[in-house]
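Biologist: Please put the model up. I have some questions about it.

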Amino acid sequence: MAGDLRDRGYSVCPGALPTALAGGLLAHLHSMSEARFTPAGVGREHGHTLNSFVRTDEICWINGESAAGRDWLAWTTALQQHLNRELLLGLFSFESHFAHYRPGDFYRKHVDAFRGEANRVLSVVAYLNPGWQTGDGGELRLYTGAEDSSLLSVQPLHGTVVVFLSEEFPHEVLPASRDRYSIAGWFRVNGSTADRVDPPR
Ligand code: OGA
Ligand code: MN
């Protein structure tokens, strides 16, 4: 993963999520009430709005309230330490949420961070969909920032982890014919100044 990031700025890793962790997260998802998921928004803090033209999925932030959530956060902390050691990225904090895309749901082409707003540096997505078939749709499609041409499509297979530099790769989630579960997360650098604490959450 570190080598891919260094060479290309992204990495697709089938089976990277440890089996026990993936199983625990899936069991937790199934035990969660639908009411814990809320329609996802677009933008940060005051710029945050609901926009069903852009995305229609529902999300639930992972705050370490469940054992499965804590295991996920421990795994991403280890990943953060590893990537900082290998690539000197200075990753400082992490935020992530479960996402549920119902049949037909989508997230149109977007970038996770904007250049110059040093916040989200590295995006990570993990998939929790046992038995996903090619015809089920729901691919994550990555584009190259420069020409904005299609780079690759990733099926949301159980245990697959994708990482990419947040500013560099526009991407979208295509509609699927069945329920699609993922975790999306972002490693951030410390953008704090004397009068502004960042990250706020
Ligand atoms: C996101 C996102 C991708 C996916 O939540 O920002 O791009 O495959 N998710 O779920
Ligand atoms: Mn995204």
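Predicted model: local features only at pLDDT ≥ 70, side-chain atom pairs only at ≥ 80, totals over all residues.

Modeller: In it, a polar side-chain atom of Asp136 sits 2.7 Å from the backbone nitrogen of Gln133.

Biologist: Is Asp136 buried or exposed?

Modeller: Asp136 lies in the loop between S8 and strand S9 (140-143). Its relative accessible area is 14%. Buried means under 20%, so Asp136 counts as buried.

Biologist: Leaving aside neighbours within four places in sequence, which residues is Asp136 in contact with?

Modeller: Contact here means heavy atoms within 4.5 Å. Beyond the sequence neighbours within four places, Asp136 is in contact with Gly131, Ala176, Ser177 and Arg178.

Biologist: Now ligand 1. Which strand supplies the largest share of its shell?

Modeller: Strands S7 (107-110), S8 (120-127), S12 (171-173) and S13 (180-188) each give at least two shell residues. The largest share is four residues, and it comes from S13.

Biologist: How many residues of the shell around ligand 1 are nonpolar?

Modeller: There are 14 residues around ligand 1, with His110, Tyr127, His171, Arg180 and Ser182 coming nearest. By class, three are polar and three charged; the nonpolar ones number eight.

Biologist: How far is an oxygen atom of ligand 1 from an N or O atom in the side chain of Tyr127?

Modeller: A polar atom of Asp112 lies 3.3 Å from a ligand 1 oxygen. For an N or O atom of Arg180, the distance is 2.7 Å. For Tyr127, it is 2.6 Å.

Biologist: What share of the accessible area of ligand 1 does the protein cover?

Modeller: On its own, ligand 1 has 290 Å² of accessible area. The protein covers 98%.

Notes. Residues numbered from 1 in each chain as written. Chains lettered and ligands numbered in written order. Heavy atoms only, no water. Near = heavy atom within 4 Å. Polar contact = N/O pair within 3.5 Å; in protein donor to acceptor, adjacent residues only side chain to side chain. Areas by Shrake-Rupley, 256 points an atom, 1.4 Å probe, with all protein chains shown as cover. Nonpolar A, V, L, I, M, F, W, Y, C, P; charged D, E, K, R; others polar. Buried < 20%, exposed > 50% of the residue type's maximum accessible area, 1.4 Å probe, protein only.
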